[in-house]
Amino acid sequence: MNRANEARGLLLGAVGITCFSFTLPMTRLAVTELDPIVVGLGRALVAACFGAMILLWKREPLPARRHWPSLAIVALGAMIAFPLLTSIALRHAPSSHAAVVTGLLPLSTALFAVLRAHERPSKAFWVAALAGSSVVVVFALAESGWRISGADTLLLVAVVACGLSYAEGGRLAREIGGWRVICWSLLFAAPLVIVPVGANVFQHGLHASARGWFGFGYVSLISVFLGFIVWYQGLALGGVARIGQVQLVQPFLTFMWAGLLLNESITARTLLTALIVIAVVALGRRAAVIRPVPATA
């Protein structure tokens, strides 16, 4: 693999994860004042407006028909399922707890990298990924009294949907570029979200303080738009499975933001779990991953 591409992919992946690390605290900030439907789906509608403006400015032609199924997968997973399910879950769970559960995203992304992007991680890679994910599962169960709560179920489904969309978007970004993947995926998602968001606004209205609108603005412009552009380009350049492991740093960053922005108490067990997960996956960071197609995006 091209070492320069891998280095660029790692840098872009790190920037994307930094953007995403604010998503759960900002979502919780928004859902305390706005309906989860508005926060979870409305963000994609706002981001779609920015995507449409860029596509019009660049005078981009419609994507080829062979790309439409992949764009639909990205739209359904990253733009609809993950934001909506996490918004609902965060009504019942603190963002610090949700951050640890969503720490399973690297494993989910790696599994779909094999199924959809046809990558072949080594045994050492899988050992590290499975070890880190096992720690996450044990933590989530211990926090919930060894029971699967409704919020945990929603978060786990969100992780599966998002892992699929990450792998599919990273694969497609090799061909058309990360920014096109996001812009077109948002436009694919817009018709599906405009009706439920519009109906909810019509029924309940929009009432929030500057704090709530700030959270909504962040998840709309940064989490669903700018952050995804650099993230998918990073996946395309560095490989879906390998760059996907950068996500293991995300819970640790989210804990810090949750404490600073929401005054959430971070237990020693939560912090220790995050450090163990990061350390375990870092050991497998250099493990080999075979990619069938070199990154050209």
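**Salt bridges, helix packing and a nonpolar patch**

Glu168 is buried, at a relative accessible area of 0%, where buried denotes under 20% relative accessible area, exposed over 50%, and partly exposed the range in between (1.4 Å probe, protein chains only). The model is a predicted one, in which local features need pLDDT of at least 70 and side-chain atom pairs count only at pLDDT 80 or more, while totals for chains, interfaces and linings use all residues. Residues are numbered from 1 along each chain as its sequence is written, and side-chain values use heavy atoms, with hydrogens and water left out.

Glu168 forms a salt bridge with Arg171, with an N to O distance of 2.7 Å; a salt bridge is defined as a side-chain nitrogen of Lys or Arg within 4 Å of a carboxyl oxygen of Asp or Glu. Both residues belong to helix α8, where they are three residues apart, about one turn of the helix. Helices (H or I, at least four residues) and strands (E, at least two) are DSSP runs, numbered from the N terminus. Arg171 is also buried, its relative accessible area being 19%. A salt bridge also joins Arg171 to Glu175, at 3.8 Å from N to O. Glu175 and Arg171 are four residues apart in helix α8 and are therefore separated by about one helical turn. Glu175 is partly exposed, at 44% relative accessibility. Salt bridges link Arg116, Glu168, Arg171 and Glu175 in a network.

Five salt bridges are found in a search of the whole structure. One of them pairs Glu119 with Arg174, whose closest N and O atoms are 2.8 Å apart. Because Glu119 lies in the loop between α6 (105-115) and β1 (120-121) and Arg174 in helix α8, the pair ties together parts that are 55 residues apart in sequence. Glu119 is buried at 0% relative accessibility, and Arg174 is buried at 6%.

Helix α8 (residues 150-176) packs against helix α4 (residues 68-89) at an angle of about 155°, and the two axes are 8 Å apart. Axes are lines fitted to C-alpha atoms, for helices over the stretch in contact, and angles run from 0 to 180 degrees between N-to-C directions. α4 and α8 are therefore roughly antiparallel, given that angles under 35 degrees count as roughly parallel, over 145 as roughly antiparallel, 65 to 115 as roughly perpendicular and the rest as oblique. The α4 and α8 crossing is left-handed, a term for a near helix turned anticlockwise from the far one by less than a right angle (right-handed if clockwise).

For α3 and helix α9 (residues 178-204), the packing angle is about 135° and the axes are 6 Å apart. α3 is therefore oblique to α9, and the crossing of α3 with α9 is left-handed.

Phe50, Met53, Leu221 and Leu226 make a nonpolar surface patch of about 330 Å². Patches consist of residues with over 30% relative accessible area and no salt bridge, with like charges joined within 9 Å and nonpolar side chains (Val, Leu, Ile, Met, Phe, Trp, Tyr) within 5 Å. Accessible areas come from the Shrake-Rupley method with a 1.4 Å probe, and for residues only the protein chains shown count as cover. At least two residues of the nonpolar patch come from each of α3 (36-58) and α10 (210-238). Met53 is located in helix α3 and is exposed, with a relative accessible area of 51%.
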